[in-house]
Amino acid sequence: MSPITPDTYTPSPDRYEAMPYRRSGRSGLKLPAISLGFWHNFGDFSSFDTMKQLCFTAFDHGITHFDLANNYGPEPGSAESNAGRILHDYFGAHRDELIISTKAGFDMWPGPYGDHGSRKYLLASLDQSLTRLDLDYVDIFYHHCPDPDTPLEETMGALAHAVTSGKALYVGLSNYDGQRLEAAAAILDELHVPFIIAQNRYNILDRTVERNGLLDAARRLGKGLITYSPLDQGLLTDRYLDGIPADSRVARDGRFLTEADVARTHDAIVALNAIAASRGQSLADMALAWLLRKREVTSVLVGASRPAQLLDSIGALQGPDFTDEELAAIDRIARDGR
C-alpha cells in the first residue's frame, strides 16, 4: 500500500486484483461485491482523518462504490460534505473509477418540501447533494423510501429528469416492496430511464425482502440488489455474545439496537457463531458470505469506524462455500430467533 501524506494519496496499483465485480441486474454497470456505506461514520462527530483512511483503505482494496444519502451524518448533509472534501482533495484523478450514489426521501429540511417523494423535493435535494459532494453528477440517484401520498408517476418523473439533465447516470429505489417496485419499474421503462438497482435491508435474521416480494421482483425484472445492515446493527458479530459491552452501540445509542434486541436474539447468535466457527470464520464474515452467495445480490454495503473493520469485511470474500446442511441450520436458527 502506498504511503499517504496529508497532501497526497496514490492508490495501490494492485487494487483491482482481488475484488470481484458483479453486474447490477441486466445493466452494464458492475459494482464491487463489497461497497462502503457512509451512514454512521462520516458525520461531523467523526474524525476526518479516520474518514480519509477508510476511503483510502476501501479504494486500495478494490471498493469502488461509496454510498451516501442526503440525510447521512449526523448532522444531515455532513456525510456528503465530508465525502466531497475527500473526493476533491484525494480522488480527483480517479473520479471515473468510482461509483458515487446518493438518495433522497427522508427528512432533510423543515417545511412541506423537505422530505418524501415530490418532484420539488427530489430535484432540490439532488442539487444540494451535488453541491455538498462537489460533483457534477452522481452515478446512482435513489428514491430513499416509498411515498404513498405522492403519485408514483411524479416521483419516477423526477428520477427521469435527474438522468436527462445529466445529474445522475442511473437511478435506484430503496426500501420498496416487490409490488411497488414492479409498478415503478413499468413507469421508468416507459420513460426509458436506466433503473438498475434496489437497495434494501437484508441479513440472516431479517428476511423481509423474501416475504414482501422484493427479492422475486428484482430477479424477475433484471434489477440488481444491494443490501444494507448485513450484520443487523452488530448483532451478527461477536460483539454481544457475552453481554453488552460498555462501549457498544447498544450502551451508547439505543435508537437502532436495544438491550431487548440483544436478549431476544442471544440464543440464535450463539448458535450461528458456532456454525461460523466450524467453517473457520467469524460470525460477521459468515453473515456477509451468506448474502454474497446469492445470485440476486449485486453488492453488500458495509459500514466501518476504522480501517481494520473494513479489512475484516473484505476477508469474507475468502470463505468456503456453504453446505446444504449449513444453510438449512442457518435458516432454522434464524426462523426460531425472530
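A crossover is right-handed if, with the strands pointing away from the viewer, the path from the first strand over the helix to the second runs clockwise. The views below show a predicted model.

**View A. Strand β6, helix α4 and strand β7 form a right-handed β-α-β unit.** In this unit, strand β6 covers residues 138-143, helix α4 covers residues 152-164, and strand β7 covers residues 168-174. The strands β6 and β7 run parallel and are joined by five bridges. Strand β7 is mostly covered, with five of its seven residues buried.

**View B. Strand β7 is also paired with strand β8.** Four bridges connect β7 to β8 (residues 195-201), and the two strands run parallel. Between them the chain passes through helix α5 (residues 178-190), and this β-α-β crossover is right-handed. Two bridge partners can be located in β8: I197 for G172, and Q199 for S174. In general, strands of a sheet pair through backbone hydrogen bonds, either parallel or antiparallel.

**View C. Eight strands close into a barrel with parallel pairing.** The order of the strands is β3-β4-β5-β6-β7-β8-β9-β10. From one strand to the next, the twist averages 30°. Helix α10 (residues 283-292) packs on the sheet. This helix touches β3 (34-37), β9 (224-228) and β10 (297-302), and its direction makes about 155° with that of β10.

**View D. Residue E80 is located in helix α2.** Is E80 buried or exposed? Its relative accessible area is 0%, so E80 is buried, the limit for this class being under 20%. The side chain of E80 forms a polar contact of 2.9 Å with the side chain of S129. Apart from neighbours within four places in sequence, E80 is in contact with L68, A69, N70, T102, S129, R132 and L133.

**View E. Residue E75 lies in the loop between β4 and α2.** How far apart are E75 and H94 in space, C-alpha to C-alpha? The distance is 28 Å, while in sequence E75 and H94 are 19 residues apart.

Note on methods:
Residues are numbered from 1 along each chain as its sequence is written. This is a predicted model: local features need pLDDT of at least 70, side-chain atom pairs count only at pLDDT 80 or more; totals for chains, interfaces and linings use all residues. Side-chain values use heavy atoms; hydrogens and water are left out. Buried means under 20% relative accessible area, exposed over 50%, partly exposed in between (1.4 Å probe, protein chains only). Two strands pair if DSSP finds at least two bridges between them. Axes are lines fitted to C-alpha atoms, for helices over the stretch in contact, and angles run from 0 to 180 degrees between N-to-C directions. Contact means heavy atoms within 4.5 Å. A polar contact is a pair of N or O atoms within 3.5 Å; within protein, one must be able to donate a hydrogen and the other to accept it, and residues adjacent in sequence count only if both atoms are side-chain atoms.
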